[in-house]
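This report covers a complex of protein chains. Please read it beside the sequence and the model.

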Amino acid sequence: MDFYSALQLGVATAFHPMNLLYCFVGVLIGTLIGVLPGIGTSGAVAILMPATFTMSPVSAIIMLAGIYYGAMYGGSTTSILVNIPGEAASVVTCFDGYQMARQGRAGRALGMSAFGSFIAGFFGVAMISLLAPSLSRLAFDFGPPEFFGLMVLGLTLSTFLGSGSMVKALLMVALGLVLGCVGMDPISGTPRLTYGIKPLLDGFDMVPVVMGLFGISEVLFNLEQEKEREVYETKLKGLLPNREDWKRSWAPITRGSFLGFFVGVIPGGTAVISSFVSYAIEKRISKRPEEFGKGAIEGVAGPEAANNAATFGSMVPLLTLGIPSNVVMALFLAALMIHGTVPGPMLIQNHPEFFWGVMISMIVGNVMLLVLNLPLIGMWVQILKVPYRILFPLIILFCLIGSYSVNYRVVDMVVMLLFGGVGYLMKKYRYDGGPLILAFILGPLLETALRQSLIISHGELDIFVTRPLALGALLLALAFLLIPLVPAVGKKRETLVE
Amino acid sequence: MRKRDRIQALLWAVFGLYVMYEGILLKLGTGRAPKPGFMIFWVGVIIVILSALFFLGTFAAPEQERTDLWRGIRWLRGAKLAAALALYMAAFQPLGFILSTFLLLVYMFKGLEPQSWRNALLFSAATVAICYLVFGVFLELQFPPGVLSFILS
């Protein structure tokens with residue numbers, strides 16, 4: 001199919017009235033989730049995924065994608081007005097955004113954040129549309145060793161870039177791999193680690209595990225704290241950035257868009273990481289580095305562009321290789337499998353209406369977000385003032401509904417509660433949940449790739465050495481494991497993580 | 001802090017050895033024909049190695065001020081919520097979605113936080129009604145009717 005026919009198909013799909021509605025609902029919910037600290041994008045996507053079961057695959061992904069990039073927009077609002085990131089990827093926006101609010105420049109911070117995210121989103125969609133078809137064709141040459149190498153690289157990168165001690169992060173990866181083994185062996189069908197419990201024959205379902213680890217644990221942890229959010233009371237005048245703001249921000253937005261997209265493409269690279277790296281770069285190359293942390297608009301524009309671009313970049317490995325690069329993409333993978341659409345090299349060829357429809361829809365969604373975020377900021381501010389004692393029962397309820405509705409089993413709610421307890425203890429003892437979930441999801445795929453590789457090579461490990469891409473990925477993974485041992489780099493990583 | 005980390009390291013080592021044991025029970029196979037226990041066993045080995053590194057790392061790390069993770073915070077509220085959720089799950093099928101959820105919400109709005117009875121009952125009723133309409137009716141998710149089956153079915 002030529003490019004113009006594909007675009008036409010995409011436009012027709014995206015502009016179908018129901019798909020426009022789902023896109024709008026997705027970005028609205030996503031912005032709301034991003035504005036409200038507590039639930040996070042992963043939790044929101046996990047909770048709302050069962051609601052998409054009655055939709056078509058295209059509509060389901062349009063809505064879930066809207067939630068994903070909508071949350072990036074919304075997260076900056078609380079960062080700027082409350083100094084609490086509504087979304088992990090908006091942590092960096094607190095540094096300068098809140099200071100801008102204190103100086104009476106909240107409107108311009110919010111405006112630049114929205115415009116930066118919009119430009120980056122547009123860039124991200126364009127890049128996916130250009131890269132994904134070519135990468136899909138390349139992926140036909142990938143075999144089990146290449147997939148194994150890429151997944152190992154992704155897991156290693158997630159520990160390198162994650163928070164906390166690297167040994168603890170690797171332990172989380174190992175635990176995730178063990179949890180992924182619970183259930184029937186994918187090749188022989190032998191029950192593993194099920195202890196005769198019938199519901200465990202299918203393994204742990206991803207949705208209750210994610211909701212427990214990220215949703216329930218967050219509520220349990222927040223309940224024991226005394227803090228109340230303080231919304232900075234300021235008149236929101238002048239949401240449009242002025243000429244001076246644009247002069248200072250256009251380059252950070254451009255750099256952030258490129259950086260964020262390519263960080264997002266790498267399995268294990270996240271929007272959080274891209275925003276931190278963008279901030280570090282902008283501070284480093286700025287002619288006025290002393291202004292960073294005191295209200296420099298570059299400190300808002302660059303990271304916000306980076307985190308939004310990363311959300312689009314992260315879709316590339318999923319759509320072209322079938323490898324989820326982060327927790328949210330893993331949930332997308334689950335949603336696609338439930339709808340009978342298998343992501344991977346054949347997706348664009350077999351389902352061009354799906355791929356191009358989602359691409360065009362993401363452009364539409366970005367326009368909707370720009371329109372929603374600026375005029376509705378007053379409404380988001382009011383929502384921010386809703387006390388946590390009203391919010392947390394709603395979060396718990398949505399988690400319960402979400403976990404039950406996956407398979408209509410109470411046992412999934414029990415799993416969610418158990419993992420909620422595990423997640424709570426992980427927070428107390430400072431273990432990062434991200435590597436665990438990524439390993440839990442990639443584990444079965446990784447094991448299958450490993451065993452297939454060994455079968456192909458008759459048990460010889462040199463198959464991972466003689467295939468250049470597999471070797472390259474594994475060497476990179478080894479480098480990321482060893483680099484923190486270099487004192488200067490190890491210290492820098494710890495500082496960044498703190 | 002160091003003592004806490006060393007206990008964690010030891011617990012991880014025990015867990016790793018257990019995982020290796022489970023892998024052996026499931027059979028490792030050979031490189032040519034790996035069996036179901038292959039991956040589990042080697043992940044167990046990795047856990048044991050990492051726990052050893054974790055343990056050794058406690059000797060190299062500088063001693064940090066000991067912080068009590070449980071003092072001065074209201075951890076009992078989380079425990080009460082967890083207990084309430086466990087009861088909710090036990091009552092979910094017999095009582096049904098509407099009634100069990102209403103009772104849970106009343107507890108969360110009133111029992112864990114200081115709110116008036118009027119507010120707690122009002123918020124709970126409104127929330128259950130909206131959720132049932134959105135998820136049960138509009139999105140057609142199948143909730144158990146429980147004791148209200150004579151009305152809902």
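The model is predicted: local features need pLDDT of at least 70, side-chain atom pairs count only at pLDDT 80 or more, and totals for chains, interfaces and linings use all residues. Residues are numbered from 1 along each chain as its sequence is written, and chains are lettered from A and ligands numbered from 1 in the order in which they are written.

The predictor assigns the complex an ipTM of 0.90 and a pTM of 0.82.

Chain B is divided into two domains, with bounds from an automatic or database domain assignment.

| Domain of chain B | Residues |
|---|---|
| domain 1 | 2-60 |
| domain 2 | 75-152 |

Taken over C-alpha atoms, the centres of domain 1 and domain 2 of chain B are 42 Å apart.

In chain A, the axes of helix α9 (residues 206-223) and helix α20 (residues 433-456) come within 11 Å and cross at roughly 175°. Helices here are DSSP runs of H or I with at least four residues, numbered from the N terminus. Axes are lines fitted to C-alpha atoms, for helices over the stretch in contact, and angles run from 0 to 180 degrees between N-to-C directions. α9(A) and α20(A) are therefore roughly antiparallel to each other, a term for angles over 145 degrees.

Between the chains, 45 residues of chain B are in contact (C-beta atoms, placed from the backbone, within 7 Å) with 41 residues of chain A. α3(B) gives the largest share of the chain B side, ten residues.

Terms used: Helices (H or I, at least four residues) and strands (E, at least two) are DSSP runs, numbered from the N terminus. Angles under 35 degrees count as roughly parallel, over 145 as roughly antiparallel, 65 to 115 as roughly perpendicular and the rest as oblique. Two residues are in contact if their C-beta atoms, placed from the backbone, lie within 7 Å.
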